[in-house]
Amino acid sequence: MSMFSRVFGKPKQENNALTTLDKLNETLEMLEKKEKVLLKKAAAEIEKAKEYTKGKNKRAAIQCLKRKRLYEQQIEQLGNFQLRIHDQMIMLEGAKATTETVDALRSGAATMKAMQKAVNIDDVDKTMDEINEQTENMKQIQEALSTPIGAAADFDEDELEAELEELEGAELEEQLLQPATTAPAASVYVPAGRQPSRPVPAKQTAPEEDELAALQAEMAL
């Protein structure tokens, strides 16, 4: 069976099933119509029998009841026919659904098989190896780009860490020496083992400079 037939099923067989279902529906409708007609006739015979009974015509009333019995037998027979048609329709619809399901599963299996043929396990392994190799190459490139070069490559990380600790210690010590009422002055880095001989005087403000100049002028007189 070709791939086209597996994908789209069997059109001829499906059309036959649909045609049969349509025929069964038409037959069922015809039987239902006949049943309604017979029910009306049976009801009419009952009314006639009542009229004949009122007119004391017993023989005619009995004939009406006989015809009513015949109609009822036909109605019962039509009911059995309808039941058989219903059963046939249910079985046919179930078989149609089963066939369509099997065709769909067969089509899916064929498609899966074709896809597996198109993808070779060796090709998959080769592709994964290429991906892993490219990933490893990218990692090496990134590591090479992040490695320090030139003068920065000669810096000792341990020495830089020690210098940073000295800076932090000096700043903490200066903060502790500042009076509680004044704001801490900006810290000045002093290498370890060396302390300033005298405190650096604070920069004079403009009013202080004016007062100093006036004092020097008076002393000159």
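A salt bridge is defined here as a side-chain nitrogen of Lys or Arg within 4 Å of a carboxyl oxygen of Asp or Glu. Asp 103 has a relative accessible area of 13% and is therefore buried. Both Arg 106 and Asp 103 belong to helix 3, where a spacing of three residues places them about one turn of the helix apart.

The model is predicted; local features require pLDDT of at least 70 and side-chain atom pairs count only at pLDDT 80 or more, whereas totals for chains, interfaces and linings use all residues. Residues are numbered from 1 along each chain as its sequence is written, and side-chain values use heavy atoms, with hydrogens and water left out.

Five salt bridges are present in the structure. In one of them, the side chains of Glu 45 and Arg 67 meet at 3.1 Å, N to O. This pair links distant parts of the chain, with Glu 45 in helix 2 and Arg 67 in helix 3, 22 residues apart. Glu 45 is classed as buried because its relative accessibility is 5%, while Arg 67 is partly exposed, with a relative accessible area of 32%. Another salt bridge joins the side chains of Glu 100 and Lys 96 at 2.6 Å, N to O. Glu 100 and Lys 96 are four residues apart in helix 3, so about one helical turn separates them. Glu 100 is partly exposed, its relative accessible area being 37%.

The protein chain contains six helices and zero strands, where helices (H or I, at least four residues) and strands (E, at least two) are DSSP runs numbered from the N terminus. Along the sequence the pattern is α-α-α-α-α-α. Of the 221 residues in the protein chain, 11% are buried. Among contacts with a separation of 6 or more, 67% are between residues 24 or more positions apart, a contact being heavy atoms within 4.5 Å.

The largest nonpolar core comprises 12 residues, among them Leu 21, Leu 24, Tyr 71, Ile 85 and Met 89. Such a core is a set of buried Ala, Val, Leu, Ile, Met, Phe, Trp, Tyr and Cys residues joined through side-chain atoms within 4.5 Å. Helix 2 (11-54) and helix 3 each contribute at least two residues to this core. When residues up to four places away in sequence are not counted, Leu 24 touches Ile 85, Gln 88, Met 89 and Leu 92.

The accessible surface of the protein chain is about 18,800 Å², and carbon and sulfur atoms account for 57% of this surface. A nonpolar surface patch is formed by Val 119, Ile 121, Val 124, Met 128 and Ile 131, which together have about 430 Å² of accessible area. Patches are made of residues with over 30% relative accessible area and no salt bridge, like charges being joined within 9 Å and nonpolar side chains (Val, Leu, Ile, Met, Phe, Trp, Tyr) within 5 Å. Val 119 is located in the loop between helix 3 (58-118) and helix 4 (121-146), and Val 119 counts as exposed because its relative accessibility is 52%.

How values were computed:
Accessible areas come from the Shrake-Rupley method with a 1.4 Å probe; for residues, only the protein chains shown count as cover. Buried means under 20% relative accessible area, exposed over 50%, partly exposed in between (1.4 Å probe, protein chains only).
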